[in-house]
Amino acid sequence: MRSALTSALLVAALLADSRIAAYYLVLAAIPACATAALGYYGELVDGSADAETGALNVGLSTLALLLCLISAAARTNGGAALGVTAVVAALALFSLQFGVWTALHVSRERIVASLRSRA
């Protein structure tokens, strides 16, 4: 999943002891999130994206990118509370994206069909 690096950086920013380290971790998450959003958009334009979730992945990753930018801007101006809230919201969007992917790719029918094909 493309958003795993961004999620790891954002979780590390939440767990960071100093504000400076958290700020730089959020700054490092911005290009990773932008790369994921552009990758999903490229798949949507090429037609190789999932039919069910192609546009949803683009939207969720773009909103997460916007929240990362808000968090970095808020941390620059001393708004630690807004910065933390934006990071948590971005992580919630990535969790929603992962939940949708899991619901579509890990269903009972697919697991049963996979087990039957192996037997």
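Author: Helices (H or I, at least four residues) and strands (E, at least two) are DSSP runs, numbered from the N terminus. By that count the protein has 5 helices and 0 strands. Its pattern along the sequence is α-α-α-α-α. This is a predicted model, with residues numbered from 1 along each chain as its sequence is written. Local features need pLDDT of at least 70, side-chain atom pairs count only at pLDDT 80 or more, totals for chains, interfaces and linings use all residues, and side-chain values use heavy atoms, with hydrogens and water left out.

The C-alpha atoms fill a box of roughly 60 × 30 × 15 Å along the principal axes. Of the 119 residues, 33% are buried. Buried means under 20% relative accessible area, exposed over 50%, partly exposed in between (1.4 Å probe, protein chains only).

Now the part itself: helix H1. H1 covers residues 4-15. Its 12 residues should span 16 Å at 1.5 Å a residue, and the end C-alpha atoms are 16 Å apart, so the two agree. The expected span is 1.5 Å times one less than the number of residues.

Thr6, Ser7, Leu9, Leu10 and Ala13 are buried in H1. These residues lie on the same side of H1, because their arc around the axis is only 165 degrees. That arc is taken from the directions from the helix axis to the C-beta atoms. Leu5 and Leu15 are exposed, on the face turned away from the buried side.

What covers the buried residues? The cover includes helix H2 (19-46), helix H3 (54-76) and helix H4 (80-105).

Key:
Contact means heavy atoms within 4.5 Å.
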